[in-house]
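Please walk through this model with me. We start with the whole chain and then take its parts in turn.

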Amino acid sequence: MSETGYLSTREAADILKMTTRRVVGLCHEGKLEGAFQKGRGWKIPEYSVRMYQRTAASEGMQENLLPCAVGNTSYTEIVKNCYYVDKTLLIRDLIDAQVSVTLFTRPGRFGKTLAMDMLKTFFEKTDSDTSVFFRDKRIWDCGEKYQRLQGAYPVISITFKDVKFNTWADSFEAIQIVLRDEYMRHTELMNSSEIDFVEKDYLKRMQAGTLSEVEYTRALLNLSRMLEKHHHSKVVILIDEYDTPIQQGHSRGFYNEVIVFMRNFMSGGLKDNNSLAFGVLTGILRVSKENLFSGLNNPVVNSVLDEKYSEYFGFTVEEVETMAAYYGRRDKMEEIRTWYDGYRFGNTEIYNPWSVTNYFYNNCQARPFWTNTSDNEIIREIMHGLTPEIADELYSLMQGESIQTSLNMEVIYPGISDGTDNIFSFLLIAGYLKPLHPAVETEFGTFMELALPNIEIRRVYNTEILSWLRDTLDGNVMSCLEKALYLNDGDKLKAALRKYMISCISCFDGAAEGFYHGMMLGLVAGLSSRYFIRSNRESGEGRFDLVLEPKNHILPGIIMEFKATREAESGSLLPLAQEALKQIQDKNYDTDFVNRGITEIVKYGIAFAGKQVEIAVGTEDIRNI
């Protein structure tokens, strides 16, 4: 706002979701009280804009409000028919940066695909005048330097967001179709006098689907060369969700095949390509350690930790407030904040745009919209590779606490389940965690304090972890386990664990104590709404294996100590379980419970061997001591 209390026609248009021409019309009609002309523009009191907005809503004009664009990623359709949060200054910043290749890594559903379609619409040379989609947007106010680049380039625009298949053969076929469709979009090439015989043969075989896998790796390079020849202009290359096939390769077992193909495909179009004006890629991960971008002249990678471009993916606080005002729901800002805010890109506070848009579309009913669409396989994979240390930190996060961790912003998919802090780096990049403070650089690496962003993401953790348990547990095992713990019934707990292990683990799984420790942490996840779950913490004169501290002290506190052996002779496990129980007592692991005023304490010594389990139980009621 250039003057205190006053808005420009552009700012008023953003709030009212009108064209600037319509706002000027309202000023001439006297419908925006206190507006006055200054030079070639208008100065409009903010209060009059808000009053006009409220009056329009209260007088039954709500049906004239633009709808939310739920699930629509077409820039032209949205700006014509829907409420659009203006992100066109991304175009200005990319032009000013003068970078050959830029990669944006952001979580899913944070506006990457819409941003890429906006870039395509702005830069692509077409027969029609596409400047009409930008003349009332912020980029047009930036001046002639940027306006003259509108519609100035041939554009290659592809997305891999739907390449989600179980085999490399199916994935490669899907990639072939994506590339063929983009070639067929450039129909001008088939009759171009600038294209030679060899290139036209490549075009025909691309359309027929008869190219070899090696020939497909040159698809970007060949298409950009042909477009430059025909249009006498260098080419803009846009690749959306480039890492979706790579994620599928990791989770479905064809990681090496997809990496080899994508490395050659990307380098063909983006490395030493004299036809390239500039390229923009989006994805979740950088995927750099496999040299996917080797030789690409160090593409600039912009991640969630970078300040530059931070406001262009997701909604800022001001944008959400403006949206709430437009729909007449400023009263809902606190609910929107607790459910969908909490992300931080660079130093910018960001809301989840998919969830906010769905929230308004669904009459301001707060629900976990992101969880219903996002692919949360990463959470499930972490659960299958759970270690006691990682599980302990996950449960701390679920219970509203923060964790300190080292960061690796070049984490790769195979590092997701390696039992290191790479897990939390990925969760941060993928939108499942937020930084509480700026990263701290030390001689040992980069460290950061992380927490869950909001209620919606907390639901993801609870839903996915409990879903994983339901998928792996047979019948009513989970409820039996919970009931056994509540009743302090060692026999029921033994039966539940035995049933689980028989159906869900192999004899080779049950080897070291750490495996059983991780298994038990996973099994008690369902109790996190009633218990704080801790493992490997100091108490008394040692470190306990696992405790469940009741959030309401009416419930008993639970302490577990585990022992494991590779082979167990008949009757040998019970003495081992009793040894574990004795360790709880001798080491005074109940000290923290006593200090916190927890009066009923149940102690379990649990011994494992393969699929065998024995349990020794001790109970204590401090009130009777």
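What follows goes from overall totals to helices, strands, surface and charge pairs.

This is a predicted model, in which local features need pLDDT of at least 70, side-chain atom pairs count only at pLDDT 80 or more, and totals for chains, interfaces and linings use all residues. Residues are numbered from 1 along each chain as its sequence is written, and side-chain values use heavy atoms, with hydrogens and water left out.

Begin with the totals. The protein holds 25 helices and 22 strands. Both are DSSP runs numbered from the N terminus: helices are H or I with at least four residues, strands are E with at least two. Of the 625 residues, 53% count as buried. Buried means under 20% relative accessible area, exposed means over 50%, and partly exposed lies in between (1.4 Å probe, protein chains only). The protein exposes about 27300 Å². Carbon and sulfur atoms supply 47% of that area. Areas come from the Shrake-Rupley method with a 1.4 Å probe; for residues, only the protein chains shown count as cover.

Now look at helix H13, residues 255–270. Its 16 residues should span 22 Å at 1.5 Å a residue, and the end C-alpha atoms are 22 Å apart, which agrees. The expected span is 1.5 Å times one less than the number of residues. Several residues of H13 are buried, among them Tyr255, Phe261, Phe265 and Leu270. Ser267, Gly268 and Gly269 are also buried. Just after H13, aspartate 272 takes a positive phi of about 50°.

Next comes strand E7, residues 276–283. Is E7 mostly covered or mostly open? It is mostly covered, with 7 of its 8 residues buried. Two strands pair if DSSP finds at least two bridges between them. Strand E4 (residues 101–105) runs parallel to E7, joined by 5 bridges. Threonine 105 stands opposite glycine 283 of E7. Strand E6 (residues 235–240) also runs parallel to E7, again with 5 bridges. Here isoleucine 239 has leucine 281 of E7 as its bridge partner. In a regular strand, side chains alternate between the two faces of the sheet.

Another sheet is open and has 3 strands in the order E9-E11-E10. Its pairing is antiparallel. The edge strands are E9 (315–316) and E10 (343–345), each of which pairs on one side only. Strand E11 (residues 348–351) is joined to E10 by 3 bridges. Arginine 344 has glutamate 349 in E11 as its bridge partner.

Val440, Phe444 and Phe447 make a nonpolar patch of about 320 Å². Patches are made of residues with over 30% relative accessible area and no salt bridge; like charges are joined within 9 Å, and nonpolar side chains (Val, Leu, Ile, Met, Phe, Trp, Tyr) within 5 Å. Valine 440 lies in strand E14, residues 440–442. Its relative accessible area is 47%, so valine 440 is partly exposed.

Side chains of opposite charge can pair when their charged atoms come close. A salt bridge is a side-chain nitrogen of Lys or Arg within 4 Å of a carboxyl oxygen of Asp or Glu. By this rule the count comes to 30.

Which residue does lysine 494 meet in a salt bridge? The partner is glutamate 614, at 2.9 Å from N to O. Lysine 494 lies in helix H22 (residues 490–504) and glutamate 614 in strand E22 (residues 612–621), so the pair ties together parts that are 120 residues apart in sequence. Lysine 494 is partly exposed at 29% relative accessible area, and glutamate 614 is partly exposed at 21%. Elsewhere, salt bridges that share partners join Lys120, Glu124, Glu182 and Arg185 into one network.

Within that group, glutamate 124 and arginine 185 meet at 3.0 Å, N to O. Glutamate 124 lies in the loop between helix H6 (112–123) and helix H7 (144–147), and arginine 185 in helix H8 (residues 168–185), so the pair ties together parts 61 residues apart in sequence. Glutamate 124 counts as buried because its relative accessibility is 8%. Arginine 185 is partly exposed, at 33%.
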